[in-house]
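User: Can you walk me through this one? I'm new to reading structures.

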Amino acid sequence: MSDQFSTEISSRICNHMNEDHANAVVLYAQVFGGVSQASSAQMLAIDAQGMDLTAEVNGETVPVRVQFDHVLADAEDAHQTLIAMVRQARVQAK
């Protein structure tokens with residue numbers, strides 16, 4: 001994990017996303033992770049290249065890796081990128 005995404009920063013981002021933006025995490029799995037049947041999802045880790053999720057599909061937990069479209073510079077870049085991705089996912093999910 002790069003300096004920009006220490007275990008602490010990854011955990012903070014994941015906890016925030018799972019607790020406050022659970023619907024966004026499901027959209028990431030469905031739209032960017034290719035798991036369209038996901039009924040729920042959890043963000044496990046984030047790094048400069050992407051995020052690791054688990055998705056619930058028909059009662060089974062499956063691992064999902066979502067690559068970012070660019071290498072993230074820092075936590076603020078992660079914040080902005082995750083916002084842009086959920087906006088894009090909402091459009092694509094319609």
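Analyst: We can go from the overall fold to single residues and then to the pocket. This is a predicted model, in which local features need pLDDT of at least 70, side-chain atom pairs count only at pLDDT 80 or more, and totals for chains, interfaces and linings use all residues. Residues are numbered from 1 along each chain as its sequence is written, and side-chain values use heavy atoms, with hydrogens and water left out.

User: OK, how many helices and strands does the protein chain have?

Analyst: The protein chain has 3 helices and 3 strands. Helices (H or I, at least four residues) and strands (E, at least two) are DSSP runs, numbered from the N terminus. Along the sequence, the pattern is α-α-β-β-β-α. The radius of gyration is 12 Å, close to the 12 Å that the globule rule gives for 94 residues, so the protein chain is as compact as a globular protein of that length. That radius is taken over C-alpha atoms, and the rule is 2.2 Å times the number of residues to the power 0.38.

User: And what does the C-alpha trace span along its principal axes?

Analyst: About 35 × 25 × 20 Å.

User: How much of the chain counts as buried?

Analyst: Of the 94 residues, 38% count as buried. Buried means under 20% relative accessible area, exposed over 50%, and partly exposed in between (1.4 Å probe, protein chains only).

User: Which residues of H2 are buried?

Analyst: They are Ala24, Val25, Val26, Leu27, Tyr28 and Ala29. These buried residues pack against H1, strand E1 (40–46), strand E2 (50–57), strand E3 (60–67) and H3. Just after H2, Gly34 takes a positive phi of about 75°.

User: Let's take Tyr28. Why does it count as buried?

Analyst: Tyr28 has 1% relative accessibility, so it counts as buried. Tyr28 lies in helix H2. Leaving out residues up to four places away in sequence, Tyr28 touches Met17, Gly33, Met43, Met51, Leu53, Val66, Leu82, Ile83, Met85 and Val86. Contact here means heavy atoms within 4.5 Å.

User: Now something on the outside. Where is Asn58?

Analyst: Asn58 is in the loop between E2 and E3. Asn58 is exposed, with a relative accessible area of 74%. Asn58 has a positive phi of about 50° although it is not a glycine.

User: What about Asp69, buried or exposed?

Analyst: Asp69 is exposed, at a relative accessible area of 73%. Asp69 lies in the loop between E3 and H3. Its C-alpha is 8.6 Å from that of Gly50, and the two residues are 19 residues apart along the chain.

User: Switching topic: what volume does the largest pocket have?

Analyst: About 310 Å³. On a 1 Å grid over the protein atoms alone, a pocket is an open set of points where a 1.4 Å probe fits, with protein on both sides within 12 Å along at least five of seven lines, and lining residues have an atom within 4 Å of a point. Grid points are joined across faces, edges and corners, and a volume is the space filled by probe spheres set on the points.

User: Which residues lie nearest its centre?

Analyst: Of the 16 lining residues, His16, Met17, His79, Leu82 and Ile83 lie nearest the centre of the largest pocket.

User: And which helices supply the lining?

Analyst: Helix H1 (7–20), helix H2 (22–32) and helix H3 (75–93) each supply at least two residues. The largest share, 9 residues, comes from H3.
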